[in-house]
Amino acid sequence: MHVTHDPEAAAGALINFDQFLAVDIRVGRIIEASPFPEARKPAYKLLIDFGPTIGIRRSSAQITENYELEDLLDRQVAAVVNFPPRQIGKFMSEVLTLGFPNGDGHVILFKPDIAVPVGSRLF
């Protein structure tokens, strides 16, 4: 799924601004986090509120190494909201929650450093 986690990797191919705008990245707030024991790789199931226009969406996130379930509630996260849903086991993931790998290759969630309104779009 991921191209590379190597911080020394070259930049991807050039894209134009319209291609960038086609990827709809929004801020949401995690309203529920639960275990996902059926996942092949350790993961959590997340319910994320993106506000009245986008609504509440589900996501599977492989973030168990750096986050406890109780620490995720009410946390803002960034996610791609316009990818097609993806079936992960018996769970339908509706958005791609975004993060970066730390030095061990484990996901660190991407979020604004100051709270912004849910549903805000990255530009």
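Select Val23, which sits in the loop between α1 (17-22) and β1 (25-35). The model is predicted, so local features need pLDDT of at least 70 and side-chain atom pairs count only at pLDDT 80 or more, while totals for chains, interfaces and linings use all residues. Residues are numbered from 1 along each chain as its sequence is written, and side-chain values use heavy atoms, with hydrogens and water left out.

**Stop 1**

Val23 has a relative accessible area of 32% and is partly exposed. Here buried means under 20% relative accessible area, exposed means over 50%, and partly exposed lies in between (1.4 Å probe, protein chains only).

**Stop 2: Arg121**

Now select Arg121, in the segment after β9 (107-109). Its relative accessible area is 35%, so Arg121 is partly exposed. Which residues does Arg121 contact, leaving aside its neighbours within four places in sequence? They are Leu21, Val23, Asp24, Ile25 and Arg26. Contact means heavy atoms within 4.5 Å.

Show the backbone oxygen of Leu21: a polar atom of the Arg121 side chain lies 2.3 Å from it. This is a polar contact, that is, a pair of N or O atoms within 3.5 Å; within protein, one must be able to donate a hydrogen and the other to accept it, and residues adjacent in sequence count only if both atoms are side-chain atoms.

Next, show Asp24. The C-alpha atoms of Arg121 and Asp24 are separated by 6.9 Å. The two side chains form a salt bridge (3.3 Å, N to O). Arg121 is in the segment after β9 and Asp24 in the loop between α1 and β1, so the pair ties together parts that are 97 residues apart in sequence. Asp24 is buried, at 11% relative accessible area. A salt bridge is a side-chain nitrogen of Lys or Arg within 4 Å of a carboxyl oxygen of Asp or Glu.

**Stop 3: other salt bridges**

How many salt bridges does a search of the whole structure find? It finds five. One of them joins Asp74 and Arg29, whose closest N and O atoms are 3.9 Å apart. This pair links distant parts of the chain, with Asp74 in the loop between α3 (69-72) and β4 and Arg29 in strand β1, 45 residues apart. Asp74 is exposed at 54% relative accessibility, and Arg29 is partly exposed at 24%.

Then select Glu38 and Lys45, whose side chains meet in a salt bridge (4.0 Å, N to O). Glu38 is partly exposed, with 49% relative accessible area, and Lys45 is partly exposed, with 24%. Finally, select Asp24, Arg26 and Arg121 together: salt bridges that share partners join them into one network.

**Stop 4**

In soluble globular proteins, nonpolar side chains tend to be buried together. Select Ile30, Leu46, Ile48, Phe50, Ile63 and Leu72, which touch the most other members among the 16 residues of the largest nonpolar core. Two or more residues of this core come from each of β1, β2 (44-49) and β4 (76-80). β2 gives the most, with three residues. A nonpolar core is a set of buried Ala, Val, Leu, Ile, Met, Phe, Trp, Tyr and Cys residues joined through side-chain atoms within 4.5 Å.

Centre on Ile30. Leaving aside its neighbours within four places in sequence, Ile30 has contacts that include Leu46, Ile48, Leu72 and Val77.

**Stop 5**

Select Ser93 in strand β6 (residues 91-93). Is Ser93 buried or exposed? It counts as buried, at 7% relative accessibility. Its side chain reaches the backbone nitrogen of Ser60 at 3.2 Å.

End at Ser60, in strand β3 (residues 56-61). Ser60 also counts as buried, at 18% relative accessibility. Leaving aside neighbours within four places in sequence, Ser60 is in contact with Phe36, Ala43, Tyr44, Ile88, Phe91 and Ser93.

Key:
Helices (H or I, at least four residues) and strands (E, at least two) are DSSP runs, numbered from the N terminus.
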